[in-house]
Structures are given as structure tokens and as C-alpha cells.
Amino acid sequence: MTTIDELPIRDDLRGKTPYGAPQLDVAVRLNTNENSYPLPDAVVDAIAKAVQAELRDLNRYPDRDAVALRADLADYLGHGLTGAGTWAANGSNEVQQQLLQAFGGPGRTALGFGPSYSMHPLLAQGTGTRWIGALRDPDFGLTPAAALAQIQEHDPDLIFLCSPNNPTGTALDPEVVTAVLEAARGMVVVDEAYAEFARPGTPSALALLSGHPRLVVSRTMSKAFGFAGGRLGYLAADPAVVDAVQLVRLPYHLSAITQAAARAALSQRDALLATVEVIKQQRDRIVTTLRERGMRVADSDANFVLFEVGGDQTIAWRRLLDRGVLVRDVGLPGWLRVTAGTPAETDAFLEALA
């Protein structure tokens, strides 16, 4: 049987493995930061009707620019945005890939601060962009001074910031984003995939878009909206950024069914986002309980918690799995990440961990 390395694959891809978390059939799956709550019946009906309306015309291509969907996304985000300043794709990963295609590429660099979202360096590699992996503080924080030092040293073409950060869950001090915007000559991408779960008073980089044409805020419907299977990510930025991304997007990249389902979900956002507060309560319960047990836990503004296991995390991961609970080993020595799910799932996790 032929192996990948026997094919004329790019040299920089040899020996690599695909991104992905284990997909195992276990009772409690808390490893991919999904929303554990199924869609309410009213939302299912709304999406079904919207998709049904598109089926007869599937012989035609969809709206190439997803104009109506982008207008709906702008309405949801607020901050004076219009459809011209939003863009949508098949998950926020595709949005970020398109940004790298437009502003990165061979001879250009992208900078991120780890531990952070592991797809960012993979997307950079796939687009021929050199990735520079800077580090956060030992407590997973990031100060303006530390960020500026890395920018001055590397002068990157793109900078990726996560707020809340994955896998730590920590939100950025807005002064970090402001300082980076003032110092960077290239594009600044703030990944806000978990923004809806942030604690009260946590600002969004959306408030900084006005007057910062090199700032991009990326979001997703996969988490808070419980729309992971629908695959819909989006960005907010100056309209010129959207024009640039359209130069590299594939034609008709968003199907008519995806656009219809996402618009229906947005129209039902009150029902979908009703689970956010419940999930935040479970997140805070996990943080509090683990700290009461004497464990080190990262502050979280997301729908997950990063916790220290006090030893080999691969062994702890396996022992939890043996008890029917699947969490995420993110490759951070001594640490594991657990998604905040339903109260019953939290019960199962805390009991298994004990």
C-alpha cells in the first residue's frame, strides 16, 4: 500500500499528521468544545423550512457573495456594522485560511502567542506562510510589553490573537489588542470563537474596528449557537478587508443550504443562545470545584476549562476515558482541557476525576 511519503508531496508536509480530536463513542464527550444542548424544536422547524425552500433550486448556484447572510450577521454583531464589513465561510477556520491566503503566503510571516489554537500554525503552513510561535507568560497571560517585544523582533505580516484564548480560556486585556494595533504594520486577527461565553464586563475587539482598517475579528456559530454541524464562521472588518478576501475565496464556497440554515439559526438566536448562561454556570462550577480540591486551574471566559493534573496528562486522559468521560489532551504537559456541558455531564466529569 502506498504511503503519503511515497507521493511527490511538498517537503514541508512530510511526516505531518492531520488536525483532529479523537472521535470516540463514549457516554460523556467533553473534548471539542461543542454546545452539549441539542437544538430546540422551534429552531429545528425553522431551519427545516428554510432548507426546504432551497431544495427545488439546487440546480442553480447559490449567492456567491452571501449578501443576505452577511447582512444578518452584521445585525447580530451590532457595533454599526453592515454586510459590507462582514464575511462568512465554512467555519472560522476557512475564514482564517482565506485571510492567510490574502495577506500571508510565501515570503511572509504570521505570529501567534502559545499555547493557543493549534490550527493557526497549520493554516499558516498550508498557505506557505512562515509561522512564528511566541509564548505567553507562565500563567498563560499576555502583557502589552511582551507582545510588543515579539512584534519588534519579528515584524510579522499577520498577528493572531485569541480572546478568549484556546486552550486556556483566558480573555485578553483590551490594552494588549490596542498596543498590538499601534505597533503592527500588518494585519491583526483577533479570534473570538468563544466570545459569547465571556464573563460580564469582558470587552470585544469589535469595539475597536472603527478607525483600524487592519483589524479583523473572527467568530463562529459552532459554539454558542450550537451550530457546529452547520459549519458557519465569519469575520468583521473594514470593507476593504472583505474585498481582499473575495480575491482568494473559492467561487460559490457557501452552499445555498448552508446559507439558508445559518440565516434561520440567526433568526432564532434568542432560543439558541439561551443555553449560554447555563453553560457558563457549569464552567464556573468546574473551576470552583477543582480549585477547592487544590488543583491549579486557568481562569476561563470560554465554554471550557484548562486544569493541571499534577503528572502525565496522557495517563490522566486515559483514566478519565476508562470511566466514560472524554476530555482533550492539547499537548500541554501536565494539563487537560474539559468542555463545560450539561449539569449531568459536569457531574460525570467531576466524579470520574475524583
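Keep in mind that the model is predicted. The largest nonpolar core has 46 residues, and a second, separate core has 29. As for the helices, H10 pairs up with H12, and H2 with H8.

**The cores**
- In the largest nonpolar core, the residues that touch the most other members are Leu69, Leu161, Val180, Met221, Phe227 and Leu232.
- Take Leu232: leaving out residues up to four places away in sequence, its contacts include Leu69, Leu73, Ala88, Phe227, Leu254 and Ala262.

**Helices H10 and H12**
- H10 covers residues 275-292 and H12 covers 343-353; their axes come within 10 Å and cross at roughly 20 degrees.
- The crossing here is right-handed.
- On the H10 side you'll find Gln282, Arg285, Ile286, Thr289 and Leu290, which meet Pro343, Thr346, Asp347, Phe349, Leu350 and Leu353 of H12.
- Sorted by type, the residues of this contact are six nonpolar, three polar and two charged.

**Helices H2 and H8**
- H2 (residues 67-77) and H8 (residues 256-267) have axes that come within 10 Å and cross at roughly 25 degrees.
- H2 and H8 are therefore roughly parallel as well.
- Their crossing is left-handed.
- Ala68, Leu69, Asp72, Leu73 and Tyr76 from H2 meet Gln259, Ala262, Arg263 and Leu266 from H8.
- That contact is made up of six nonpolar, one polar and two charged residues.

Conventions:
Residues are numbered from 1 along each chain as its sequence is written. This is a predicted model: local features need pLDDT of at least 70, side-chain atom pairs count only at pLDDT 80 or more; totals for chains, interfaces and linings use all residues. Side-chain values use heavy atoms; hydrogens and water are left out. A nonpolar core is a set of buried Ala, Val, Leu, Ile, Met, Phe, Trp, Tyr and Cys residues joined through side-chain atoms within 4.5 Å. Buried means under 20% relative accessible area, exposed over 50%, partly exposed in between (1.4 Å probe, protein chains only). Contact means heavy atoms within 4.5 Å. Axes are lines fitted to C-alpha atoms, for helices over the stretch in contact, and angles run from 0 to 180 degrees between N-to-C directions. Helices (H or I, at least four residues) and strands (E, at least two) are DSSP runs, numbered from the N terminus. A crossing is left-handed if the near helix is turned anticlockwise from the far one by less than a right angle, and right-handed if clockwise. Ala, Val, Leu, Ile, Met, Phe, Trp, Tyr, Cys and Pro count as nonpolar, Asp, Glu, Lys and Arg as charged, and the others, Gly among them, as polar. Angles under 35 degrees count as roughly parallel, over 145 as roughly antiparallel, 65 to 115 as roughly perpendicular and the rest as oblique.
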